[in-house]
Amino acid sequence: SAAYILMLNTGLRTGELLGLLNSDIDLENRVLHINQAVKEVQKRDGVEFESGREIEVGKPKTATSKRTVPLNNTAVEAIKELRAEFYFGENTPLVCDSKGNYTKPSNLRKRYYRILEAAGIEQKGLHSLRHTFATRAIESGMDVRTLSEILGHTKVALTLQLYAHSSTETKQKEVAK
């Protein structure tokens, strides 16, 4: 599905992707703006919990999670594909259900697992798409500060800790220079 391709090409968190409105996307300038995120919470009726889960739309994970993310050609095509499937207007979610409402993270995750299973691929969480984006970015020579900003990390040190692991081969090449 185009939603997973978009995640793989932008490094978005699941909640950020699902909170993305069509109005947050600027295809002309090839960027999207992360302003909110979606999470799944226990249903409530006042102070009483009900059975089931519902969607809560709110601020993204941290202050630096509010950001502008550049779009490559594949990401632009994925957005166009998602809009061709369902488009209910500028103030509706890009990744929505058939009625134009927000998609539950658990539904996106279940669909992802079904795709992996059908393809015979080992089951990894949706967050692995973000890790793959970051790893590929570093492998292609992106500097860590830029990657950190794209991912919305609070500190470059976090990005380094999570993604910048040099292979022995890389170390040998660098020392040989």
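How many residues line the largest pocket, and which lie nearest its centre? The lining of the largest pocket comprises 17 residues, with Thr14, Gly15, Glu16, Val38 and Lys39 nearest the centre. A pocket is defined on a 1 Å grid over the protein atoms alone, as an open set of points where a 1.4 Å probe fits, with protein on both sides within 12 Å along at least five of seven lines; lining residues have an atom within 4 Å of a point.

The model is predicted: local features need pLDDT of at least 70 and side-chain atom pairs count only at pLDDT 80 or more, while totals for chains, interfaces and linings use all residues. Residues are numbered from 1 along each chain as its sequence is written, and side-chain values use heavy atoms, without hydrogens and water.

The volume of the largest pocket is about 320 Å³, a volume being the space filled by probe spheres set on the grid points. Helix H2 (14-19), strand E3 (37-45), strand E4 (48-58) and helix H4 (105-119) each give two or more residues to the lining. By class, this lining has six nonpolar, four polar and seven charged residues.

The protein has eight helices and five strands, taken as DSSP runs (helices H or I, at least four residues; strands E, at least two). From the N terminus, the order of elements is α-α-β-β-β-β-β-α-α-α-α-α-α.

Two packed helices are described by the angle between their axes and the distance between the axes. The axes of H1 (residues 2-10) and H3 (residues 73-85) come within 9 Å and cross at roughly 155°; angles run from 0 to 180 degrees between N-to-C directions. H1 is therefore roughly antiparallel to H3, a term for angles over 145 degrees. Contact (heavy atoms within 4.5 Å) is made by Ala2, Ala3, Ile5, Leu6, Asn9 and Thr10 of H1 and by Thr74, Ala75, Ala78, Ile79, Glu81 and Leu82 of H3. These residues comprise eight nonpolar, three polar and one charged.

The axes of H1 and H5 (residues 127-139) come within 7 Å and cross at roughly 40°. Tyr4, Met7, Leu8, Asn9 and Thr10 of H1 meet Leu129, Thr132, Phe133 and Arg136 of H5. Five of the contact residues are nonpolar, three polar and one charged.

Note on methods: Parallel < 35°, antiparallel > 145°, perpendicular 65-115°, else oblique. Nonpolar A, V, L, I, M, F, W, Y, C, P; charged D, E, K, R; others polar.
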